[in-house]
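The following dialogue is a guided reading of one protein chain.

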Amino acid sequence: RECLASSAVLSGRACGGSGPFLPFPSSELSFRGRFPVAGRKLPASLSRARGGQARRGAAMRPLTEEETRALFEKLARYVGENLQLLVDRPDGAYCFRLHKDRVYYLSERILKLATNVPRENLVALGTCFGKFTKTQKFRLHITALDYLAPYAKYKVWVKPGAEQSFLYGNHILKSGLGRITESTAQYQGVVVYSMADVPLGFGVAAKSTQECRKVDPMAIVVFHQADIGEYIRHEETLT
């Protein structure tokens, strides 16, 4: 199957798997041969972050290999090879854990403290990056924006008049497009900013940079994925 591929190997601490991972920004490459094969051992740093074998049904646990693949595929659409920087940080070791179908990003220090809380009493830990649906598709939440924005490879800036529309959950039209990163490909994951460089959310480029220069003003150039307006619209369900 087709998805985003990269040249840099993710060798730092992460959430699971059985071999080296590649952040994958190009849709021209296939996943075949780029993910761990059954039977191979984890690198020491990756294994430590995973914290043992994942157990389905546990309240808080490491991610399985399939869950790890889905998570990294989604994150790499926005940050590419910078995905490694989310795991190997100068302020300590960080990892991902699954709790009640939601994926949390947290330091190993917080993880150790969380083990003192009974699983049935644990509500949340760290920062929620998203959740797995019943069909095991990973959906990225707006709560991950603060960690994606600093490492985003492709960005879109919206005009002041189009900010409100985007924050209500609408797609971005060419008439509301302020700037777009050069060489942005169609269907590339992008982080959306205001013209004052304030992160507003993220989406998927409906048109490439070249196509954006000549499309109709009412054409959709960025498909909406998430925006900070969800903190109000989905206050009751957003974790």
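**Reading the chain feature by feature**

At 10% relative accessibility, E73 counts as buried.

Q: Which residue does E73 meet in a salt bridge?

A: The model is predicted, and in it the side chains of E73 and R77 form a salt bridge with an N to O distance of 3.3 Å. Both residues belong to helix α2, residues 65–79, where they stand four residues apart, about one turn of the helix. R77 has a relative accessible area of 30% and is therefore partly exposed.

Q: How far should the predicted coordinates be trusted, and where is pLDDT under 50?

A: Where pLDDT is low, the predicted coordinates should not be read in detail. In this chain the average pLDDT is 79, and 75% of the residues score at least 70. Residues 1–13 stay under 50, and the model gives them 65 contacts beyond four places in sequence. Residues 15–58 also stay under 50, with 127 such contacts in the model.

Q: What does the chain contain as a whole, and how many of its residues are buried?

A: There are eight helices and twelve strands. Of the 239 residues, 50% count as buried. The accessible surface is about 12,000 Å², and carbon and sulfur atoms account for 51% of it. Contacts may also be read by separation in sequence: among those between residues at least 6 apart, 60% join residues at least 24 apart.

Q: How is a sheet to be read, and what is the order of the six strands in the open sheet?

A: Strands of a sheet pair through backbone hydrogen bonds, either parallel or antiparallel. Here the six strands follow the order β8-β12-β11-β10-β7-β9, and the pairing is mixed. At the edges stand β8 (172–173) and β9 (177–180); each has a single partner strand, so one side of each is left without a neighbour in the sheet.

Q: Is strand β11 largely enclosed or open, and which strands does β11 pair with?

A: Six of the seven residues of β11 (residues 199–205) are buried, so this strand is largely enclosed by the rest of the structure. Five bridges join β11 to β10 (residues 189–194), and the two strands run antiparallel. In this pairing, Y193 has P199 as its bridge partner. β10 and β11 also form a hairpin with four residues between them, and D197 in the turn has a positive phi of about 65°. Five bridges likewise join β11 to β12 (residues 220–227) in the antiparallel sense. There, the bridge partner of G201 is D227, the residue that also meets R233 in a salt bridge.

Q: What can be said of strand β5 and its pairings?

A: Five of the six residues of β5 (residues 127–132) are buried, so β5 is largely enclosed by the rest of the structure. Its antiparallel pairing with β4 (residues 102–107) has four bridges, and V103 stands opposite G130. With β6 (residues 138–140), β5 pairs in the antiparallel sense over three bridges; here K131 stands opposite R139. β5 and β6 form a hairpin with five residues between them, and Q136 in the turn has a positive phi of about 65°.

Q: Which residues make the nonpolar surface patch?

A: The patch is made by I228, Y231 and I232, and covers about 310 Å². Y231 lies in helix α8, residues 230–233. With a relative accessible area of 41%, Y231 is partly exposed.

Methods. Residues are numbered from 1 along each chain as its sequence is written. This is a predicted model: local features need pLDDT of at least 70, side-chain atom pairs count only at pLDDT 80 or more; totals for chains, interfaces and linings use all residues. Side-chain values use heavy atoms; hydrogens and water are left out. pLDDT is the predictor's confidence in each residue, from 0 to 100. Contact means heavy atoms within 4.5 Å. Buried means under 20% relative accessible area, exposed over 50%, partly exposed in between (1.4 Å probe, protein chains only). Accessible areas come from the Shrake-Rupley method with a 1.4 Å probe; for residues, only the protein chains shown count as cover. Patches are made of residues with over 30% relative accessible area and no salt bridge: like charges are joined within 9 Å, nonpolar side chains (Val, Leu, Ile, Met, Phe, Trp, Tyr) within 5 Å. A salt bridge is a side-chain nitrogen of Lys or Arg within 4 Å of a carboxyl oxygen of Asp or Glu. Two strands pair if DSSP finds at least two bridges between them.
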